[in-house]
Amino acid sequence: MKASLVSWINARQNLPENKFGTNQKYSAMISTNANLYALFAANFPQDLNSCCIETEDARYFSWLDIERASAKIANLLSSLQLQVGARVAVQVEKSAEALILYLATVRAGYVYLPLNTAYRDAEVEYFLRDAEPEVVVCAPQQFGWVSQLAFKTGTRHVFTLDAPAAGNNSGSLLQRALSHPDQFETVQSAPDDLAAILYTSGTTGRSKGAMLTHDNLASNAKVLKETWAWNKHDVLLHTLPLFHVHGLFVASHGALLNGTKMIFLAKFNAAQVLSYLPRTTVFMGVPTYYVRLLQESNFTQETCKNMRVFISGSAPLLLDTFLKFTRCTGHTILERYGMSETAMLTSNPYVGKRVGGTVGQALAGVDVRVVTSESLACATDEIGDIQVKGANVFKGYWRMPEKTAEEFTNDGYFHTGDVGKFDRDGYLSIVGRSKDLIISGGYNVYPKEIESIIDDMPEVLESAVIGLPHAEFGEVVVAIIILKPKKTLSELTLIARLKEMIANFKVPKSVYFLDALPRNAMGKVQKNILRAIYKKG
Ligand code: MLC
Ligand code: AMP
């Protein structure tokens with residue numbers, strides 16, 4: 001019979017009472033430990049048998065299940081004799097078990113490194129070579145190529161974790177974890193110890209691993225708990241992916257820190273969301289989710305009657321979407337702003353005026369300033385570079401001390417690469433970016449990365465990749481190509497080739513061919529001119 005952690009969880013009712021039957025003793029025991037898991041566990045509800053995660057295939061994970069299953073996986077990881085600070089790289093479909101793996105990794109004192117499931121071989125290879133994880137967890141279907149890559153880059157252990165199918169979630173990770181004890185003393189962590197590394201692409205085309213500490217994540221989770229007034233009766237509808245800040249930290253941490261039940265949907269699907277909304281109180285999404293929800297004819301005030309708050313972030317929420325949403329549902333979307341390096345920075349108020357087109361005010365304990373090119377503080381409504389400081393700001397880029405130093409000012413502020421202005425009430429508006437970045441459906445695409453790949457093709461002389469406005473994705477990726485003399489290349493061939501090489505959301509939606517790129521006197525490609533030309537269609 002195939003063993004699985006799920007069958008173990010389902011059988012757990014027959015086990016003798018766990019020493020953590022109620023949460024009081026446990027809370028006292030762990031309060032001095034800066035390990036993020038200890039913080040969550042101290043805030044688990046009194047009734048550990050209540051539901052923490054309900055999945056779309058009607059599986060229920062109690063808080064005790066989370067505690068015991070993460071203990072089993074943490075014991076497995078500890079048994080591997082990994083080095084202090086070992087990275088655990090994970091590229092798996094979203095599931096409750098994937099979240100438990102995250103918690104187990106942090107709990108055991110290792111560093112979680114989530115990877116977007118859309119990444120292709122070359123992208124994964126880069127991350128594995130750069131981060132040198134000691135453990136890699138992937139989907140069973142990907143085991144062949146991922147394990148080859150992983151062993152080639154020095155990884156010692158490769159496990160699989162399956163997406164839930166017909167209630168039987170398996171893979172070698174859970175099978176191996178099954179035989180380990182269901183109790184684990186959460187590793188003692190210092191506030192500055194690493195909990196996660198999140199890769200963000202870079203303007204140079206080379207991805208950088210943002211190192212986040214236990215304290216970065218804990219401080220941010222605590223401030224968001226207060227800011228958004230999480231309460232014990234909340235139910236979070238969780239539809240975001242688990243490999244980025246928004247779904248993994250902002251959404252999951254909010255629920256975990258508050259002892260709030262989560263309903264976990266594997267992917268965002270507007271019709272499915274509508275059927276769950278009446279049972280939930282909190283929803284978070286990228287603007288594309290809100291655009292898609294508004295396209296549903298049966299999305300009404302009635303659907304949202306139990307909702308407490310809708311939160312948007314990761315990309316600009318158009319004022320039009322903000323206003324339509326209020327008209328349709330009676331709810332005012334709460335927009336906030338953050339990034340992988342800093343977690344959340346600003347938020348519109350929970351109580352008080354939520355101003356469309358702004359990302360709200362600086363969160364408590366987060367210092368946000370807007371400065372001129374001479375590093376002087378901007379006046380009210382004056383546009384400048386957004387810089388930030390606070391306990392939430394990351395420790396630096398993995399093995400890139402020079403790059404890290406470049407991104408901080410002498411007085412310790414981090415350059416966000418976003419451009420904005422404060423109004424007289426302290427509400428921040430983001431008006432642009434100094435970094436050459438496209439945000440498509442909440443995913444970041446760095447043009448330089450795509451241009452380098454296209455430029456390496458034998459037919460191509462040079463290319464420029466730009467973002468163009470798109471009603472649903474906010475922006476989409478478009479490529480402009482200059483071919484070498486006498487060479488031919490069709491749009492279809494180029495797109496098909498790129499789909500083999502890079503994550504699908506990075507692949508240009510359209511390709512245009514030109515004789516030459518417009519350049520300024522310094523020889524720099526004038527992307528503003530290209531955007532103006534192709535915006536018109
Ligand atoms: C999918 N596609 C996209 C896309 N997502 N194209 C452009 N941009 C995107 N974001 C394309 C695929 O390439 C594919 O094309 C087709 O759409 C169908 O793919 P899919 O996977 O079935 O799409 P769908 O499930 O509809 O996904 C769309 C989405 C998803 C919006 C639901 O992209 C999503 O969940 N985005 C959220 C990203 C997120 O979590 N961001 C937070 C980052 S954290 P083809 O041609 O192959 O068929 C952060 C910090 C902060 O930024 O502040 O929060
Ligand atoms: P990431 O590197 O994926 O964490 O993306 C972070 C970037 O997303 C920020 O630097 C911003 O450019 C953008 N972003 C996040 N939230 C918002 C928002 N509410 N409005 C506009 N841009 C946002």
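Biologist: What makes the side chain of Asp 418 a polar contact of ligand 2?

Modeller: An N or O atom in the side chain of Asp 418 is 2.6 Å from an oxygen atom of ligand 2. A polar contact is a pair of N or O atoms within 3.5 Å, so Asp 418 and ligand 2 make one. This is a predicted model, in which local features need pLDDT of at least 70 and side-chain atom pairs count only at pLDDT 80 or more, while totals for chains, interfaces and linings use all residues. Residues are numbered from 1 along each chain as its sequence is written, chains are lettered from A and ligands numbered from 1 in the order in which they are written, and side-chain values use heavy atoms, with hydrogens and water left out.

Biologist: Which element gives the most to the shell around ligand 2?

Modeller: Strand 13, with five residues; strands here are DSSP runs of E, at least two residues long, and helices are runs of H or I, at least four. The shell of 16 residues (a heavy atom within 4 Å) divides into seven nonpolar, four polar and five charged.

Biologist: Why is ligand 1 said to lie between two domains, and which ones?

Modeller: Domain 2 (228-332) and domain 3 (438-535) both give residues to its shell, so ligand 1 lies between them. The bounds come from an automatic or database domain assignment. That shell has 23 residues, with Tyr 289, Arg 292, Ser 314, Arg 336 and Ser 440 the closest. Helix 12 supplies its largest share, three residues.

Biologist: What is the area buried between domain 1 and domain 3?

Modeller: About 520 Å², of which carbon and sulfur atoms give 44%; buried area is the accessible area that two parts lose on being put together, summed over both. The C-alpha centres of domain 1 and domain 3 lie 35 Å apart. Their contact (heavy atoms within 4.5 Å) takes six residues from domain 1 and 10 residues from domain 3.

Key: Buried area is the accessible area (1.4 Å probe) that two parts lose on being put together, summed over both. A polar contact is a pair of N or O atoms within 3.5 Å; within protein, one must be able to donate a hydrogen and the other to accept it, and residues adjacent in sequence count only if both atoms are side-chain atoms. Ala, Val, Leu, Ile, Met, Phe, Trp, Tyr, Cys and Pro count as nonpolar, Asp, Glu, Lys and Arg as charged, and the others, Gly among them, as polar.
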